[in-house]
Amino acid sequence: MKTASSVPPKKRRRVINRSNKADNSNDNEAPSNNHQPLFPWAKPNRVAEHYSLAELAARGIRTVEGEVQCKRCDARTTLSLDVESKFDALREFIARNVQAMDDRAPEEWKDPALPDCGRCGQRNSLRPVVAAEKERINWVFLLLGQTLGLCTLEQLKHFCAHTNQHRTGAKDRVLYSTYMELCNQLCPGGPFDMAFERRNRARPFA
Ligand SMILES: [Zn+2]
């Protein structure tokens, strides 16, 4: 009796909630489509959080799909990006350019190159469709295609707010933070960890 009362009720409740969360068999909760992830690569019940590369591989997710629309002929189509090769290319680009970036997105990210349209042949024309509703944005698709720069500042700030980046300022800084945070989600604890990167500023990607 004495032991039980020594724990404040508020604290006890929080501990109980957390243990329920860790347990995936939420049998007591009524099924709700509201909490289903929009994409297989997004974590359920989380906003703007995604599985790591290892978790994606374990789930058999090798490609990430997203909708694109041709700027010229307006044709909409679904584009499939290979997770491993696209992330390798991104990692390589960052390693090569991170020091020159100085916490700001480079031109390649601010004004991204787009795929050519297979239907009308227009080059640099397949623009990812960014969902008007911020909760429905296909972040990993935009990351792997290196097209996050097509998002508005408001959309990028929404992402940063939900991932505790709390980044304010010009779009190139917020865009940089979005790239790094998403890379860190896919490759946790590595060179994309902003805190880690700052501590090791003298020798990033060493
Ligand atoms: Zn076209």
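In the predicted model, Leu175 is in contact with Ala105, Trp109, Lys110, Leu148, Gly149 and Leu156, when its neighbours within four places in sequence are left aside. Leu175 is also among the residues with the most contacts inside the largest nonpolar core, together with Trp139, Val140, Leu143 and Tyr179. This core has 31 residues. Two or more core residues come from each of H4, helix H6 (139-144), helix H7 (153-162) and helix H8 (171-186). The largest share, eight residues, is given by H8.

The model also holds an open sheet of three strands in the order S2-S1-S3, paired in antiparallel fashion. Strand S2 (76-82) and strand S3 (126-128) each have a single partner strand and stand at the edges, so one side of each is left without a neighbour in the sheet. On average, and with direction ignored, neighbouring strands of the sheet are turned by 45 degrees against each other. Strand S1 (residues 63-70) runs antiparallel to S3 and is joined to S3 by three bridges. Across this pairing, Val68 stands opposite Pro128 in S3.

Helix H3 (residues 53-58) includes Glu55. Glu55 counts as partly exposed because it has 15 C-beta neighbours inside 10 Å, a number between the limits of 12 or fewer for exposed residues and 20 or more for buried ones. Between Glu55 and Trp41, the C-alpha to C-alpha distance is 9.0 Å, at a separation of 14 residues in sequence.

Technical notes. Residues numbered from 1 in each chain as written. Predicted model: local features only at pLDDT ≥ 70, side-chain atom pairs only at ≥ 80, totals over all residues. Pairing = 2+ DSSP bridges. Helix = DSSP H or I, 4+ residues; strand = E, 2+ residues; numbered from the N terminus. Axes fitted to C-alpha atoms, helices over the stretch in contact; angles between N-to-C directions. Core = buried A, V, L, I, M, F, W, Y, C linked by C-beta atoms within 7 Å. Contact = placed C-beta atoms within 7 Å.
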